[in-house]
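Hi,

Here is the structure I promised to pass on to you. Have a look at it first, then read on for what turned up.

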Amino acid sequence: MTRAATTAAGNPAGTALGIRVTRSQRNVAWTGAIALVIVAVLAYFPYLVYSGTTTILVQAFIVLTLASMWNLLAGYAGLVSVGQQAFVGLGAYLVLILAIHGTPPFAGLPVAAIGCGVVALPLWWLVSRLRTGYFAIATWVLAATIMLIIERFSSIGGGTGMPLPGFAGMDPTYLTAYTYWAALAVAVLAMVSVYLILRSRLGLVLTAIRDDETAARSSGARTGLARLLVFLVAAAGCGAAGAVLAISQLQVQPAAVFNISWTAEMAFATIIGGLGTIEGPIIGTAVYILLQQTLQSYNAWYLIILGLIAIAIALFARRGLWGLAEDHLKIRLFPVGYWLHDTALAPGRIPGS
Amino acid sequence: MAWVNAIIQGILTGGLYALFACGLSLMFGVMKVVNLAHGDLAVIAGYIAIGIVFVTHMPVLWSFLIVVPVMAAVGYALQRTLIQAALNRSVLTTLLVMFGLSIVIENGLLQFFSANTRGIGVNLALVTDSINAGSQIQIAWLLIVIFAAAVAVLTGLQYFLSRSRYGRLIRAVADDPEAAQLAGADYRHVFGIAAAIAFGTVALAGIAYGMYSQLDPTAGTDTILLFAFAAVVIGGLGSLWGTLLGGIVLGIAQQVGAQLNISYETLAGYLVFLAVLVIRPQGLITTGNQS
């Protein structure tokens, strides 16, 4: 995990001064190992726990996927989309349409994700004309429009939706387990993609946009292209989550899959956990599941409380719970920045890492 | 004749949409705040009107005399506390806070008042009566009154902002809060006043919509916020009369769509909105005159 001195080697001035550049202040190979162990243990869960637990975890994986996508959008690219339910719904409907035509839903899942990424391209062309708040409402209108169009087609259930075919004769125990593994795989893939994107050149541009967009653009960063790529990736990720949702619910209803509360949940989870930090969505999803399970008999109260916490955190702790933890403990699970080590000076972080 | 009727209905509902939109436009023009909770606040105003009429039995039409000042006070208070605190941090924070507020209000209304729809003054002659010309053309008095109210509000706002002393102050603060502050204006207070005016129009919009149709917690975003926004974009950002034109275009699109098939009403409006976004992203009217 530690890429010691590889960057500094290309920088003669740096080596001459005896500066060592690392990805993290400590060796974090152990975080990678622990992450692998956690994923392996989670993958073994269907053999260990009752299906009630895995059902809750499927919900958690969906929210985690959505939150890490929204984090990429709002936390790094500065795109506050409140219309991501468009892609949750499209993902669910693509799986349904493929299943009606004979494609097994689990095979339809990756196709649905890619399909959402493709659909996002023309939609980006529409909404990218508007900035900040007006961009936000434009995505909202777009989601409403897509739902109204889909409701026109009675062959896919019209306004009431329809059950997802393709599971006839399947043992419910296996179905629950496969659904769980699909949800886990999507969530892990989402987290890994976010991590890899942020470590790449694109990640540098995104981090620059996050910290100061004007400065990033005047330094020659291609912010428009970076934003487009993030929009497409987030659409594909939300589409995959929507596909998992359709499979886990075994039915697709327009009002449910195109609901604004999906965007509310992904946004609140991200803000609470820590906007602009990779670890934030994990913490935020944990808080979300905790509240949602505790208050599940009180209807929408979990969403109200989640919203109030998110407002407070947006105002008083801009980098969320993870930001608070990071400042006090100086740890990073997913190192994407660079640290300078110098014998004369105390180790310091490059601003904006 | 049915088509003529659809166009007349469209023009008149355009007035209602302009009434939805002017508060949104004003908040953006002055504070650069995109009030995502705009529609939910209008629903709150409508519910307050229903409550006042229920308790005091006062004439429905005069309920705005109480609701408008109440909402204006709420607007001032909200601007001076929550919104200003968010603005002090960043544009991003402001958006996140307003989105959070919108979701919290909508779900709060669902918890306290259920998802049932409620109308305002449904038995009123004004709401039920209409002018009839021929068998096909039927124009509700209520729509005419709402259209007149919208034109009155827009004219008043335009006059206030361009002619009055305080309007000039608001425009100065909108242009450069810091410079206005140096020249002796307390920009936070001016922001508060602008928010109070915007919330006053939000109150009118909520009452008007409650009389024209039915209020429920989801109407705030599904109808009021999104239609207001579509009207603002179609008309051109920052132009008050453009907003009226945008509302009328949206209204006509919806009514003509409904004439084709009743379920196309909302969709037709959004498709026209998207078409404008493609063909003329700067809106139909561009004056550059920030309201």
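Chain B has 12 helices and two strands; helices are DSSP runs of H or I with at least four residues, strands are runs of E with at least two, and both are numbered from the N terminus. Starting at the N terminus, the order in chain B is α-α-α-α-α-β-β-α-α-α-α-α-α-α.

A quick note before going further: this is a predicted model, where local features need pLDDT of at least 70 and side-chain atom pairs count only at pLDDT 80 or more, while totals for chains, interfaces and linings use all residues. Residues are numbered from 1 along each chain as its sequence is written, and chains are lettered from A and ligands numbered from 1 in the order in which they are written.

On overall shape, the C-alpha trace of chain B spans about 65 × 50 × 35 Å along its principal axes. A compact globule of 291 residues would have a radius of gyration near 19 Å, and chain B agrees, because it has 19 Å. (That radius is taken over C-alpha atoms, and the globule rule is 2.2 Å times the number of residues to the power 0.38.) Of the 291 residues in chain B, 52% are buried, meaning that 20 or more other C-beta atoms, placed from the backbone, lie within 10 Å of the residue's own.

The strands β1(B) (130-133) and β2(B) (137-140) run antiparallel, joined by four bridges; strands pair if DSSP finds at least two bridges between them. Ala133(B) has Ile137(B) as its bridge partner. The two strands make a hairpin with three residues between them, and Gly134(B) in the turn has a positive phi of about 70 degrees.

Finally, where do the chains meet? The contact takes 33 residues from chain B and 32 from chain A, with two residues in contact if their C-beta atoms, placed from the backbone, lie within 7 Å. On the chain B side, α4(B) gives the largest share, 15 residues.

Cheers

Key. A residue is buried if 20 or more other C-beta atoms lie within 10 Å of its own, exposed if 12 or fewer, and partly exposed in between; C-beta atoms are placed from the backbone.
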